[in-house]
Every structure is written in structure tokens, then in C-alpha cells.
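Student: I would like to go through this model with you. Please show it first.

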Amino acid sequence: MGLSNILYDKLKKLCVSLGKHNDALYAVLAIAVFKGVMRPTFTMMDKKSDRETKKYAAFREGLTEAIAFASYILTHKLVLPLAVPIAKKTGKSPKKVKNGLSLLSVCLTAGIIIPFICNLTLKPIMDGVKKLNDKRKNSKTDSFDRILDIKENIVSEKINVSGIYSPQLSAPSRSLLDAVRRNSLQNAAMKVGG
Amino acid sequence: MLGPLVNMITSNKFQTIAQNTDACVKLETSLKAVGRPTFTLMDKHTDKETRKYAATKEFLYQILCLGIYLAIIPAVFKNGGFKLAQRIFKKEGMPAFKNAKQMLSYHHLAYMSPAERCNPKNKKFLDLIDKDLINPNDGTPLYEYLMGNKEKHIEPLSKKTMENKGLMFELAKGSIELSSIIGSVIGLTILAPEISHYILHPVMKAIDKKSSLKARNVNAFDKKA
């Protein structure tokens, strides 16, 4: 039996099983998996943004898709056992109830559960990762300084903190700052289409 | 409460959508277009302007995805994939369906009870089934399975009989679903981000310019006041 025959049989089996029962879950899971791989890859390939921003955005995109994947599977697993009792109670065909519940769970997950979980968890996770990164960087530079024993330009006297005031910005400079902030967000944090 | 919901999810329309990759992905993308911007606007971690900006961008991106999906998937992947499958599986005794739409219409009707098939609502599906479209395994027209033949005293077949006799043509249906899944993945994970880069960024820049102009006008008005 040649390789082409094996492939032919596998493809035929896959098509027949999809033809007999095509769950709404298959397509959305496939999309989530490929988005989770492709989008971070595309982001990392972008030459316009700096490396740290790309890393941050790619991690965020990957995390969003991982959340989506897990949510689809979890809601599916939670909802499907309800099919038999519902079918018994209403006298409908269990297979039809199962199919219907599957699509309903996909819709609810895509429209409500995933955005809700992302809103709830993405920001704290990303903040945590950023802090960890900063800590690691600081510890690296600290150890580097210790090895070299750098003591030059050390300010020995204490700075009077109460004497430092935050600058008062005029309206045009505030709007300019907002625009810059939004632009940096456009490049990194709020990437769309998870 | 449970009754209407169960009636809805077990209705023929809902069942057809549940079994159809194309319809599922369209529904999912439409829900994302509504759900994601709504939740972005509700997010209290960021300021109002940023939320508005992100929600608009998200909404436009999902609409763009839906547009790309509608434009490419049915024409290229669904029909193209089905034609390819017909060529690959030509020895498997598949009827010579003209296109994916004809096959899906047959499948949709076969899924119903014989009485439902006669409903005028379903005439559009029945019209797509040519009377000379035959099952190559026994030479019987597919129309006869669905509607029977009064002259020959043949009754229409029920869904269960059709399933048992292998008249649902699962291989043909499955090949359409598989090519739709492949098309969805390519369309939404490779084409959409690339195309959005060329369309979405200029649109968002234009929106941003407009809003900053508005803010400048408000500031000027405040100064005058």
C-alpha cells in the first residue's frame, strides 16, 4: 500500500466523518489554533516596530487565542452533558439537542465568554509579565554593575522628593501626549482580531 | 423558558447552520463584531478615548473579516474544494452535482421529513435539484428519493432510510465542509490580517485625525470663552 493510498484513505475517512457529523466547534478551534500561531508570527516579522513592542504584542495575541481555545473546549464540555436530560424532558431527539447546544455554546463563547475573560485576565497577566521582565532586566544590570564594581557618578546626597513637582501641561501638549500614547497603543497593546 | 429555546435549537434552520461550517463561521464572526467592541467599551482599565479607539478598530476588523469571508470562501474554497474532491473521489460513486450549492440543497432536503420537503418555503432548494441528476450506483434520479414518483408508485424516502442506504452522500458533504474549514483558516488567519493592514490603518488614521481636529476646535472654543 503506497503513501498516496494511505493519504487517500485518511482523507476519505475525514470527509465521511465530517459529512456524517460536522460540529460547529471544529471550525472555530481550527481558526483559534492557526490564529494563535500565525498572528504572533506575523507580528514578530513586522520590521517597523521595536523588538520589545513586538514581543509584547505577539505574546498578547498568542494568549488571547489560547484563552479562546480553552474557552471553546470548556464550554463545549460543560454544555454537552445537558443534552440528554433536556431531550428527555422535552421529548426531542438527543442528537438534535446535542447539535443545537454545540452551536449555541460556540456562539455564546465567541460573543460573550471570550471577550469577558480577556477583559478580566489579559491586563493583569500582561502587567505581571512586564513586571517580571523589568525585574529580570534590573537584576541583570545590577549583577553587571557588581561585577564591574561601578561607583562612578553615584549621587551620595539624598534628593528632596517633596521639592519635585509634576509638570503642568497645556491643552495642546496634553492632546499631543494623548495622540502619542494612542499611537503607541495602536502598535502594541490593543491589537485587534483575537 | 426552556421550551422555546429547545424548539429554536432543534429547528431545521438551526440544525442546518450547526452542520454547516460556512454558516457557523459567519455567525461567529458577526457575534465577535458585536461582542468584542462592547466588552472593550466596558473595560475600566483604560481611558475612554482609548477604549473608543480600540472598539472602533475591533469592530471594523471583524466587519472586514466578514467581508473577506463572504467574498472568498463560498466562491473559491467551497466550490473549488468540492470540484477537487469530485475529481479525487471519482471512483467512489458520487452523483455529478453541478456545484456545492446543489449538493447542500439536496442534503438540506434529505434532512427533512417528506412532508416538510413539499412546503413552499423549501421550493427554492427543490428547484436546484435537476431531474436528470442520478445516483450512479443504481441509476435512480435523486429527485425521486426526495419527492417520490406518483407514476411509478414510489414513495419519498425518510431521512432515516436515506441515512441507512447511504443516500446522504456524506463523502460529498464532508469534502465541502473540509474545504470550508481550510478556507476559513486561510481567510481569517492569513488574508484578513494582511488585508486589514492596507485598509484598516488608513481608515483608523483618518478617524484619528478627525477626532484630534475636533478636540483642537473644542480647545480653541474653550480658550475664546
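Tutor: A salt bridge is a side-chain nitrogen of Lys or Arg within 4 Å of a carboxyl oxygen of Asp or Glu. This is a predicted model, where local features need pLDDT of at least 70, side-chain atom pairs count only at pLDDT 80 or more, and totals for chains, interfaces and linings use all residues. Residues are numbered from 1 along each chain as its sequence is written, chains are lettered from A and ligands numbered from 1 in the order in which they are written, and side-chain values use heavy atoms, with hydrogens and water left out.

Student: How many salt bridges count between chain A and chain B?

Tutor: The side chains of K12(A) and E92(B) meet in a salt bridge, at 2.9 Å from N to O. The count between the two chains is one.

Student: At what angle do the axes of α4(B) and α5(B) cross?

Tutor: Axes are lines fitted to C-alpha atoms, for helices over the stretch in contact, with angles from 0 to 180 degrees between N-to-C directions. Helix α4 of chain B spans residues 48–88 and helix α5 of chain B residues 100–110. Their axes come within 9 Å and cross at roughly 85°. Since 65 to 115 degrees counts as roughly perpendicular, α4(B) is roughly perpendicular to α5(B).

Student: Is N12(B) buried or exposed?

Tutor: Buried means under 20% relative accessible area and exposed over 50%, with partly exposed in between (1.4 Å probe, protein chains only). N12(B) has a relative accessible area of 16%. Therefore N12(B) is buried.

Terms used
Helices (H or I, at least four residues) and strands (E, at least two) are DSSP runs, numbered from the N terminus. Angles under 35 degrees count as roughly parallel, over 145 as roughly antiparallel, 65 to 115 as roughly perpendicular and the rest as oblique.
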